[in-house]
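Here is a short briefing on one protein model. Please look over the sequence and the fold before reading on.

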Amino acid sequence: MLALALLGSTGSIGRSTVEVVRHHPERLRVATLAAFGSDLDALEAQARELRPELVAVHDRERARELARRLPGLEIAGGAEGVTAAATHPSVGRVVAAMVGAAGLAPAYAALDAGKDVALANKEALVVAGPVLTQLARERGARIVPIDSEHVALHQALRCGAASEVRRLVLTASGGPFRERELESWDRITPREALAHPTWSMGRKISIDSATLMNKGLELIEARHLFGVPPEAIDVVVHPQSQVHSLVEYADGSWIAQLSVNDMVFAVQYALSFPERWANDFPRLDPGTMGSLDFEPLDEGRFRSVGLARRAAAAGGSAPAVLNAANEIAVHAFLEERLRFPQIVDTVEAVLDSHRVTPVASLEDALDWDAWGRRRAGELMAGGR
Ligand code: NAD
Ligand code: MG
């Protein structure tokens with residue numbers, strides 16, 4: 001029986017993980033839950049159903065409220081509580097499904113404690129990729145992706161040796177604005193940007209998918225997960241979101257992975273690896289799948305991927321700063337303090353004003369995250 005820490009349990013990936021746990025009661029149980037606390041009713045319902053040993057609530061007031069509702073259950077508050085959930089002695093694998101750089105410290109603590117991490121929280125790897133991958137090596141812990149493109153690559157990469165790989169190709173749906181005229185991008189509302197054509201996801205990643213910054217973050221994520229240089233990672237637009245990514249080998253063979261576009265498949269892979277478990281989730285049927293389209297990404301329209309490539313090539317503090325600026329800009333857009341095209345403009349301006357510095361530790365990465373947030377705030381306020 002594999003005991004899980006589920007960090008970000010009330011979110012989109014958190015709920016998909018609970019669905020996978022329900023499908024495999026003989027294999028999986030939830031030992032600890034952690035969430036921010038904004039959706040306390042959902043967290044309470046999860047705690048009643050899953051009976052974990054510990055529930056962590058980032059917001060301390062909400063933590064006290066949950067303790068009143070669930071007497072007899074151990075409840076921990078604050079960031080320390082979330083770290084306690086990630087490192088709890090009975091946990092065998094940590095599902096890192098918090099959103100944003102806030103997920104970095106608990107993911108670090110989990111690896112430091114030698115726990116395997118099933119990672120949805122791509123921002124953690126973007127902010128501190130080399131630090132996390134080195135720590136995992138030192139502690140003998142594994143990082144297995146949950147992000148669907150990376151789950152596809154992880155599977156396709158099992159078909160050959162690393163030296164035989166020519167390039168990785170990430171598929172992108174293109175998001176809701178793939179065909180919308182650029183002239184009207186100034187008028188894009190949060191509601192329009194949140195309406196993703198093929199995936200149902202949390203708010204932040206939905207906006208990242210509309211700007212395609214999500215694909216830029218995934219490029220950096222793939223680089224660290226698979227040790228492939230950014231020049232050997234490409235992006236192709238595939239509007240049906242059924243081919244989740246592809247690997248090209250030296251001999252000209254392509255290996256792709258397909259499934260229904262539901263994150264339960266990716267979550268289950270990250271929990272079952274190196275095994276495969278039977279399930280009865282809805283299946284793809286090649287006979288009725290219809291056509292699959294592929295087209296090049298228009299990098300003039302979607303400048304985010306080029307910015308991420310630039311940050312990946314620069315290395316050091318650049319990806320942390322890119323991510324921080326993006327988080328601040330996305331938040332401002334959702335609050336209608338920034339127009340849609342200004343999200344990527346802000347990220348670019350912050351990167352332009354940044355001098356790349358080596359990152360050697362978690363503290364360095366967190367310092368540059370804080371710097372990027374401050375700088376984005378200044379630039380959005382009209383500062384220089
Ligand atoms: P979401 O907004 O739906 O959920 C986020 C979860 O994190 C919530 O449970 C929230 O309470 C919790 N959380 C936020 N801040 C926290 C804090 N400081 N302490 C403890 N908990 C906190 O987000 P999501 O769509 O589930 O995405 C989660 C992560 O997975 C993101 O990094 C995203 O990029 C990645 N991801 C998501 C999908 C998807 O389909 N949703 C696909 C691939 C990757
Ligand atoms: Mg993805």
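Which side chain of opposite charge is nearest to Glu221, and how many Å away is it? It is Lys122, at 4.8 Å. Glu221 is buried yet has no salt bridge, because a salt bridge requires the nitrogen and the carboxyl oxygen to be within 4 Å. The model is predicted.

**Around Glu221**
- Glu221 sits in helix H10.
- Beyond its neighbours within four places in sequence, Glu221 is in contact with Leu119, Lys122, Leu125, Asp147 and His150.

**Magnesium site**
- Three residues supply the protein donors of the magnesium ion (ligand 2): Asp147 (OD), Glu149 (OE) and Glu218 (OE).
- The spacing of the donor residues in sequence is D-x1-E-x68-E.
- Asp147 lies in the loop between strand E7 (143-145) and helix H7 (148-156), and Glu218 in helix H10 (residues 213-226), so the pair ties together parts that are 71 residues apart in sequence.
- Asp147 and Glu218 are both buried.

**Seven-stranded sheet**
- An open sheet of seven strands runs in the order E4-E3-E2-E1-E5-E6-E7, with parallel pairing.
- Its edge strands are E4 (75-77) and E7, each pairing on one side only.
- From one strand to the next, the twist averages 25°.
- Three bridges link strand E3 (residues 54-57) to E4 in the parallel sense.
- Val57 stands opposite Gly77 in E4.
- Helix H11 (residues 263-272) lies across E1 (2-7), E2 (28-35), E5 (93-96), E6 (116-119) and E7.
- The direction of H11 is at about 155° to E5.

**Five-stranded sheet**
- Five strands form a second open sheet, ordered E11-E10-E8-E9-E12, with mixed pairing.
- The edges are E11 (254-258) and E12, each pairing on one side only.
- Helix H10 packs on this sheet and touches E8 and E9. Its direction makes about 145° with that of E8.
- Strand E8 (residues 165-172) and E9 are parallel and share five bridges. Leu170 has Val235 in E9 as its bridge partner.
- E8 and strand E10 (residues 243-249) run antiparallel, joined by five bridges. Val165 stands opposite Tyr249 in E10.
- E9 and strand E12 (residues 295-296) are antiparallel, with two bridges. Here Val237 stands opposite Glu295.
- Strand E9 (residues 233-237) is mostly covered, with four of its five residues buried.

**Salt bridges**
- The whole structure holds 37 salt bridges.
- Arg178 forms one with Glu179 (4.0 Å, N to O). Arg178 is partly exposed at 24% relative accessibility, while Glu179 is exposed at 64%.
- Arg178 also forms a salt bridge with Glu295, with the closest N and O atoms 3.5 Å apart.
- Glu295 belongs to strand E12 and Arg178 to the loop between E8 and helix H8 (190-194), so this pair ties together parts that are 117 residues apart in sequence.
- Glu295 is partly exposed, with a relative accessible area of 31%.
- Arg180 and Glu192 meet in a salt bridge at 3.2 Å, N to O. Arg180 is in the loop between E8 and H8, and Glu192 is in H8, 12 residues apart.
- Shared partners join Asp41, Glu44, Arg48, Glu61, Arg64, Glu65, Arg68 and Arg69 into one salt-bridge network.

How values were computed. Residues numbered from 1 in each chain as written. Chains lettered and ligands numbered in written order. Predicted model: local features only at pLDDT ≥ 70, side-chain atom pairs only at ≥ 80, totals over all residues. Heavy atoms only, no water. Donors = N, O, S within 2.8 Å, 3.2 Å for Na, K, Ca; no water. Buried < 20%, exposed > 50% of the residue type's maximum accessible area, 1.4 Å probe, protein only. Pairing = 2+ DSSP bridges. Axes fitted to C-alpha atoms, helices over the stretch in contact; angles between N-to-C directions. Contact = heavy atoms within 4.5 Å. Lys, Arg positive; Asp, Glu negative; His and termini not counted.
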